[in-house]
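Morning, everyone. Let me walk you through one structure. Have a look at it first.

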Amino acid sequence: MKDFRCFIDGEWTDALSKETFESFDPFTGKVWANIPKCDGRDVDRAVSAARRAFDTGDWSKLNATQRGHLLRRLGDLIARDADHLAATEVQDNGKLYAEMRGQVGYMPQWFYYFAGMADKVEGAVQPIDKPDMFTYTRHEPVGVVAAITPWNSPLLLLTWKLAPALAAGCTMVIKPSEFTSASTLELMRLVEEAGFPKGVVNVITGFGQDVGEAISTHNGIDKIAFTGGEVSGRRIAQQATGNFKRMTLELGGKSAQLVFPDANLDNAVKGVVSGIFAATGQTCIAGSRLLVHRSIHDAFLEKFLELAKTARMGDPMEMTTQVGPVTTQPQFKRVLSMIDMAKAEGAEVAMGGRRADRPECGDGWFIEPTVFVGVRNDMRIAQEEVFGPVLSVIPFNEDEEAYQMANDTPYGLAAGVWTSDMARAFTAAKRLRAGTVWTNTYRAVSYMMPFGGFKNSGVGRESGQDAIYDFLETKSVWLAFNKDVPNPFVMR
């Protein structure tokens, strides 16, 4: 058992209630850590600390280049401790160590990238149509930012918020998922070691009804950056209207992978398997709908099932494991209920469709990689996000039909296109209503490329140059040259 504490105003502290809650290892199903159970009073403490740091603290006196130096230092420390951070994340969320180590090893690049951007944010002189005026714009930090992060990739998805927000000059209050708080708290040890002033980054842990709502409604918070489900995102957006908080919302998806008849089938099979079964389907960009041309449907499905059935399940810390457990017990039950729902709708199970009953899975929350055929695009299994290792296969006849089906969901986060025809690839990129369109690859991300969704998949963008401006306000400055003020009753 490991006991964790919150990080508020540069100090390690218990929740004011002195209460804790348990964190479970998804592979064993056993408790491995105790986490502070915070409430609204702890939110007040964290927001007050972040507010002081932003308004009058040492952070407010640093210039952009100095902020960049701290970000680079934090990136170096993450690179140094990547093994430990990844192992902590695996114990808390059950995803593969091979994937988590890759994610954490890549995370420093976000801090390096935004460290370089910190002093490259430039205003502009405007060619104003007033001959006696000089005007320019400047970009200023939005203020105190609350980051609310999910349980599937806590550190990476926090990094997408933390790096640009700090580069912009904001301060942070972080609430990780109650299911996976440990790795975020471990990261705070590196924030402390890097030398960030007190109050710049704060972490409070607990449940949505106790902490999340207090954050969403708090008048001391200027912006919320949230990653999670559509229902939670909608609730946060409604609660945040009290003081018109700025928001970045990265929500769910029901992403389609489109396989055209001219595609390299072997590569497409690998890409579709990766898109849905890697990370146990627990990713917002999971390619959970396979739209495959009818002329190659049977040949593709045969190759796909042959590869998918070789997936090795078991201990996520083993480098040979390919599919790990579902992260939380409630999600485990939800995925199984959605599989039952799909069967009741008339979808046919081509593979899986049940809890994994294998010795190597032990008592963990494992679900067999599942493939449904005979699916219509209007079925719930084709419209609702499962967030588990479940794929719906739907044939199409014409390109336009594929685009219409791909777009015919409330979501628009990502899409995959498999074709050897570049004209078709460019057409698909234009026709698909999704924030990211991959062609002949899937699940590729970079600190250089913006990420976000259309429709119910969210608001705003993370990563890339666009991201830092989501943490900045634009100010217009007017300077008049005239000595005498003209008629005060007439707008100039």
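Start with strands S4 and S5. S5 covers residues 30-36, and it pairs with S4 in the antiparallel sense over six bridges. A word on terms: two strands count as paired if DSSP finds at least two bridges between them. Helices (H or I, at least four residues) and strands (E, at least two) are DSSP runs, numbered from the N terminus. Within this pair, Asp-25 stands opposite Lys-30 in S5.

Before I go further, a caution. This is a predicted model, where local features need pLDDT of at least 70, side-chain atom pairs count only at pLDDT 80 or more, and totals for chains, interfaces and linings use all residues. Residues are numbered from 1 along each chain as its sequence is written, and side-chain values use heavy atoms, with hydrogens and water left out.

Back to the sheet. It has three strands, is open, and runs in the order S1-S5-S4 with mixed pairing. Its edge strands are S1 (2-3) and S4 (20-25), each pairing on one side only. What lies across S4 and S5? Helix H4, residues 82-93, at about 95° to S4. For that angle, axes are lines fitted to C-alpha atoms, for helices over the stretch in contact, and angles run from 0 to 180 degrees between N-to-C directions. Contact means heavy atoms within 4.5 Å.

Next, helix H8, residues 182-194. Its 13 residues reach 19 Å from first C-alpha to last, close to the 18 Å expected at 1.5 Å a residue. The expected span is 1.5 Å times one less than the number of residues. Buried or exposed? In H8, 10 of the 13 residues are buried, so the helix is largely enclosed by the rest of the structure. Buried means under 20% relative accessible area, exposed over 50%, and partly exposed in between, with a 1.4 Å probe and protein chains only. Among the buried ones are Glu-186, Leu-187 and Met-188. After H8 comes Gly-195, with a positive phi near 100°.

Now strand S13, residues 256-259. Both faces are covered: Ala-256 and Leu-258 are buried on one side, Gln-257 and Val-259 on the other. S13 pairs with S14 (residues 289-293) in the parallel sense, over four bridges. Leu-258 has Leu-291 of S14 as its bridge partner.

For contrast, take Asp-298. Asp-298 sits in helix H12, residues 297-308. It counts as exposed because its relative accessibility is 59%. Its side chain makes a polar contact with the side chain of His-297, at 3.0 Å. A polar contact is a pair of N or O atoms within 3.5 Å; within protein, one must be able to donate a hydrogen and the other to accept it, and residues adjacent in sequence count only if both atoms are side-chain atoms.

Most residues other than glycine have a negative phi. Phe-387 has a positive one, about 60°. Phe-387 is in the loop between helix H14 (380-383) and strand S17 (390-396), and at 17% relative accessibility it counts as buried. Arg-443 also has a positive phi, about 65°. Arg-443 lies in the loop between strands S20 (436-439) and S21 (454-455). At 22% relative accessibility, Arg-443 counts as partly exposed.

Last, the record. An unreviewed UniProt entry annotates residues 12-477 as "domain: Aldehyde dehydrogenase". Over that stretch the chain is 40% helix and 20% strand. Thanks, that's my tour.

Note on methods:
UniProt positions are given in the numbering used here, feature names are shortened, and annotations may be inferred rather than shown by experiment.
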